[in-house]
Amino acid sequence: MAFRIYEFENSELCEDSLVETLSSSIKDYISQKGFINLAFSGGKSPINLFVKLSKADLNWQKCNISLVDERILPQSHADSNAGLVEKYFLQNKAKLAQFNPLIKNFNENLNSNDFVESANSFYQQPDLAVLGMGLDGHTASLFPKAKEFANALKCVQNIVLINPTEAPYQRLSMSLNALQSCKKLFLFIVGKDKKEIFDRASLKENADFPISFILHSRKVQCDVYYSK
């Protein structure tokens, strides 16, 4: 399957092209099976993409939105991915979409395994997922130095617990198996620093760069949208 890369001179052109592609794919899936399951990564990078896509003229009532990963936090927390999606994507026309966050009812008395069990109990396999990538080559919350990383690459469980060593908060993340079970993946990256990491990851599978397992997957196609 491997990957294809599309390069753009600036982020606005990149976002516009990805919105157009996603809109077309969403229409196709709804036409073919009556609905679509779509998952997003969080973080600050896709905010403008979220806003633009939220204004697309689509049958959002037929769209089930979920997350690729989440910090174990209440949704009201500033670093919650669900809160970010609520604020920037589930607005405008996209407010009609159905949202299925990984943490439905945050309770500080629950332990981390309770959150994992809950997320897996209502997991819906995404048809499409939009990924990001960190400067350490992680995608979703598959951090290369986390003790759970090796298991996340080989397990069949859809949602796994991750304890990053160089990032805050415990995380819930789609496993590699769950990501590869999508019909298609999109990777959105901005800037030359990330492009340098991407170029290294594109050479071969490398545990130092988790995104490499997506780029060299034999199970799923990844279209990469990169802006300088």
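I started with the second largest cavity and listed its lining: E70, L73, P74, Q75, S80, A82, P101 and I103. The model is predicted, and I read every entry here with that in mind.

I sorted that lining by class and got 5 nonpolar, 2 polar and 1 charged residues. For the volume of the second largest cavity I noted about 40 Å³.

How many cavities of 30 Å³ or more does the structure hold? I counted 2.

I then turned to the largest cavity, which has a volume of about 50 Å³. I found it lined by S66, L67, N100, L102, F122, Y123, Q124 and P126. By class, I recorded 5 nonpolar and 3 polar residues in the lining of the largest cavity, and no charged ones.

I placed N100 in the loop that runs between β5 (98-99) and α4 (112-121).

Is N100 buried or exposed? I read a relative accessible area of 13% for N100.

I looked up what N100 touches, leaving out residues up to four places away in sequence, and wrote down I65, S66, L67, F122 and Q124.

Last, I checked the side chain of N100 and found a polar contact of 2.6 Å with the side chain of K104.

Note on methods:
Residues numbered from 1 in each chain as written. Predicted model: local features only at pLDDT ≥ 70, side-chain atom pairs only at ≥ 80, totals over all residues. Heavy atoms only, no water. Helix = DSSP H or I, 4+ residues; strand = E, 2+ residues; numbered from the N terminus. Buried < 20%, exposed > 50% of the residue type's maximum accessible area, 1.4 Å probe, protein only. Polar contact = N/O pair within 3.5 Å; in protein donor to acceptor, adjacent residues only side chain to side chain. Contact = heavy atoms within 4.5 Å. 1 Å grid on protein atoms, 1.4 Å probe; cavity = no way out; pocket = protein on both sides within 12 Å on 5 of 7 lines; lining within 4 Å. Points joined across faces, edges and corners; volume = space filled by probe spheres on them. Nonpolar A, V, L, I, M, F, W, Y, C, P; charged D, E, K, R; others polar.
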